[in-house]
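Hello,

Please open it first, then read the notes below.

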Amino acid sequence: MSYQLPDLSRPLALPFDSIIDVRSPDEFAEDHVPGAISLPVLDNEERAEVGTIYKQESPFKARKVGAALLSLNAARHLQGPLAEKDGAWKPLVYCWRGGQRSGAFTTILKQVGWRADVLAGGYQGYRRAVVAQLYENELPFRFVLIDGNTGTAKTEILHLVAARGGQVLDLEGLANHRGSVLGPRPGGQPSQKMLESRLVAALAELDPARPVLVEAESSKVGDLLVPPAIWALMRAAPRVRMQASVADRARYLARAYADICADPEELKRILSLLVRLQGYERVDGWKRLVDARDFETLALELITLHYDSRYAKSRSSAGEPAERMEITLDSDGLERAADGVLDAVRRLRG
């Protein structure tokens, strides 16, 4: 009997000691069941080789070659990462469809004496459950958006709200991007599928009876799409808008984006992406500010000449915010802003 994947709307607590993904490293890197470890029975090149044989020669030969490679890789796993597992170890194994790769490896593990099982439907079954939740179903949450122009510390305020016990969904953190042209973070963004796995896992930890604070975003965070079920909640959500002076926002941006400012050549490369919107002359001026290390002036010009007008355009259909908060962006001001957001949420619930 294969193990049936439980409902993903609750935290994934499986009755196994380990979840083993035996797909290729490339498949694992794109997305995998949360908490899984990668023990591929065919590496990227081997999987491609077996697939080519299957299509161009014969399925029988492909299975024979695949079985030989799988046996060699299984032996390496048994002698390596699994060498210290005791007899009580209980793993769950999956591949693409819960078929040959996971079935063969599970048979080997059972022959050793471990209580191994196969995930029914494999990764495909898991992926179908993720898609159903984010693309086909309605989510049972009520969102409240923290809104505000670039440089109003929305992400930092969101984290301060979470530290106070507020319930939050950090889209930028899950997507590893700050949501603007200057938003790339070290490590790059995950795949779209990986983002969706992270979202489902994060949603499973939330209480539907309590409001969820989310930073106001467009329908994309960097290069990744906000899935429809989440986007629908965001579009219907009341907004609490942060407002701060332009000078304060410029100072804050220069601090918050210090990691990008530390690499002037990369910053200038990113600014080049704005040529189609701002023209060569203006972008060249911004690059000179980078060379002069005048990051506050750069931030001020980006705010006034680029970001604010684009935010105004994107907000034109969003309607008026439910609450407005005038804030300062020093540490004490941000603490007060987090308290104010929680007070606003209580008023909105009432």
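A helix is expected to span 1.5 Å times one less than its number of residues. Keep that rule in mind for helix α8, residues 192-204. With 13 residues, α8 should span 18 Å. Its end C-alpha atoms lie 19 Å apart, so the two values agree. One caution: this is a predicted model.

Which residues of α8 are buried? They are M194, L195, E196, S197, L199, V200, L203 and A204. The cover over the buried residues of α8 comes from several elements. Among them are the helices α1 (25-30), α5 (122-136), α7 (171-175) and α9 (228-236). The strands β6 (168-169) and β9 (224-225) also take part.

Now the whole chain. The protein has 16 helices and eleven strands. Its C-alpha atoms fill a box of roughly 70 × 50 × 35 Å along the principal axes. Of its 350 residues, 49% count as buried. Among contacts with a separation of 6 or more, 72% are between residues 24 or more positions apart.

Last, the cysteines. How many disulfides does a search of the whole structure find? The count is zero. Buried means under 20% relative accessible area. C95 is at 3%, so C95 is buried. C261 is at 13%, so C261 is buried too.

Best regards

Terms used. Residues numbered from 1 in each chain as written. Predicted model: local features only at pLDDT ≥ 70, side-chain atom pairs only at ≥ 80, totals over all residues. Heavy atoms only, no water. Helix = DSSP H or I, 4+ residues; strand = E, 2+ residues; numbered from the N terminus. Buried < 20%, exposed > 50% of the residue type's maximum accessible area, 1.4 Å probe, protein only. Contact = heavy atoms within 4.5 Å. Disulfide = S-S within 2.5 Å.
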